[in-house]
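Q: I would like to learn how to read a structure like this one. Where do we begin?

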Amino acid sequence: MSATSAPAALRGRVTRRRRPAAAGTLGTGSALGLGIAMTWFSLLVLIPLSAVVVKATGGGLSTFVDVLDNPQTRNALQLTVLSSLAITALNVVMGTVIAWVLVRDRFWGKAVLDLVIDIPFALPTIVAGLVLLALYGPSSPLGIHVNNTRWAVLLAMAFVTLPFIVRTVQPVLEELDTDVEDAAASLGAGRATTFRRVVLPALVPAICAGAALSFARGISEYGALVLISGNLANRTEVVSVRLFSFLEGGNTQSAAAVATIMLLVALVAIVVLDVVQRRVSHRG
Amino acid sequence: MASTSSAVGNGSPAVKWLLRVVVIGYLFLLVAWPTAYVVRHTFDDGLTGLRTALSDPDVVHALVLTVQVSVAAVVINTLFGVGMSLLLVRHRFVGRRALSALIDLPLSVSPVVVGLALVLVYNGRFGWFGPWLEAHGLQIVFARPGMILATCFVILPLVVREVVPVLEELGDDQEQAARSLGANAWQTFWRITLPGVRWAVVYGVVLSLARALGEFGAIKVVAGNVGGETQVATVLVQQKYQNFEQQTAYSMAFLLVFAAVLCLVVVALLRPKEGHR
């Protein structure tokens, strides 16, 4: 168990084994428990999220048209979605490579590397922004100044989404039987072919699950971006910052519309990647 | 665990070294160096920076408030998480699968959207329930209850997702045995179920504590601009930085980094125990 400090939220999706437990029907006590739990869950999550959608759709489609008609909001949306896509693509490659090195390679200090992966999860987002700003900001000792540029948006997103794909791919790679790879190699497959035809298909579901989380996190990031991106309208302003300024201005209707669009984009990404994941695992 | 030799893994040393260098370089530049830099920066003048920060009453107030809100949210969420996990794993009811999927929802919702959602329902002026609650003397938005709610929202899945797989793995043979020997539901829970999942609960608590201490966006929206009264540590970090009190901002950031890394180390140390049990 070298690498299991990721939240089970990530591991569970891919490696969960369902053992059919003896199905208990609800007794009085459990029914009461379910009632309390559901009330809390509804008051905390379901009703407030519905309130956002109701508020946004209350004014009909025109609210959305108005919001999207504003070039500043449109630019913020575009920047956020494109940056998040780019970073997710980067994570697909880097995350898989990092997971590979952590599982298959052995060298001194690997355990430290494993801990470093979790830092972006544990670090408060505002501190993440501050940390990046210290090294890559105006007083950078390296002479690299990305603050107030679009590179800052990419850098901050790469930081906060780093663990997602690593932590979903890693356990799958650990479980993977190397016999198949040896067999493929003994049958004359080159290393690249073995990786592409044998290892990669087994990893695709995990990569997709991680990519969905990474994308959703990227478009919703706020804290890490607020200091380093400079929030310049039409240039480095991301959609959550835009949403916040709507809120500060008391324009809850527009805020709700933007929030609904963000929820929809995240939902679409999760569904698309889930479909890809199913396709691949059915074919394989 | 035992990383086996494989056709690909034993590949050419050049590829192996290339991957190693790329991974270490990427992680060093993206995470390790920036984090270490802030820690070192905090101690530029020894302990003076930290001492100055801690003599600022605003800083102390923010830190105390952060701890209070986080602990309250973690306690509530742990009760909810353990109960919900038991219901999801040990019982069959209509909508169980849908519920299980919905629990993960907070992971994909922007913190600012979380804040907005809670404001729309609990705001004292125009919220759905806010005016009624305020008429009964309970102010939620711009006060502590709202901050606790916001924290609960973002940490909601963390305990459930740790406990559910362990409960599934455990099965319910022992629980049935206990019950057939005459234990009631409470005894079964305290003596059998809870000891079985205790490490999962501990990880869940530590992870949610780390997340709760660092929550920023959602709390910022819900807490509003009510002066220092509802200002948590993360929000104060932003304010201090923007007011050019960088040394104080770095000192507070260091304290938060320290708490976060401490949580990580605790989790890392606890985890292998379960594997060997």
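A: Begin with contacts: two residues are in contact if their C-beta atoms, placed from the backbone, lie within 7 Å. Here the contact between the chains takes 89 residues from chain A and 88 residues from chain B. This is a predicted model, in which local features need pLDDT of at least 70 and side-chain atom pairs count only at pLDDT 80 or more, while totals for chains, interfaces and linings use all residues. Residues are numbered from 1 along each chain as its sequence is written, and chains are lettered from A and ligands numbered from 1 in the order in which they are written.

Q: Which element gives the largest share of the side of chain B that touches chain A?

A: Helices (H or I, at least four residues) and strands (E, at least two) are DSSP runs, numbered from the N terminus. On the side of chain B that touches chain A, helix 1 of chain B gives the largest share, 17 residues. That side divides into 61 nonpolar residues, 17 polar and ten charged. Ala, Val, Leu, Ile, Met, Phe, Trp, Tyr, Cys and Pro count as nonpolar, Asp, Glu, Lys and Arg as charged, and the others, Gly among them, as polar.

Q: How many helices and strands does chain A have?

A: Chain A has twelve helices and zero strands. Of its contacts between residues at least 6 apart in sequence, 80% join residues at least 24 apart.

Q: What span should helix 5 of chain A have?

A: The expected span is 1.5 Å times one less than the number of residues. Helix 5 (residues 110-122) of chain A has 13 residues, so it should span 18 Å; the end C-alpha atoms are 19 Å apart, which agrees.

Q: Is A:Leu85 buried, partly exposed or exposed?

A: A residue is buried if 20 or more other C-beta atoms lie within 10 Å of its own, exposed if 12 or fewer, and partly exposed in between; C-beta atoms are placed from the backbone. A:Leu85 has 15 such atoms within 10 Å, so A:Leu85 is partly exposed. A:Leu85 lies in helix 4 (residues 71-104) of chain A. In helix 5 of chain A, the buried residues include A:Leu113, A:Val116 and A:Phe121. Buried residues make up 50% of the 284 residues in chain A.

Q: What is the mean pLDDT of chain B?

A: pLDDT is the predictor's confidence in each residue, from 0 to 100. The mean for chain B is 84, and 92% of its residues reach 70 or more. Over residues 1-9 of chain B the pLDDT is below 50.
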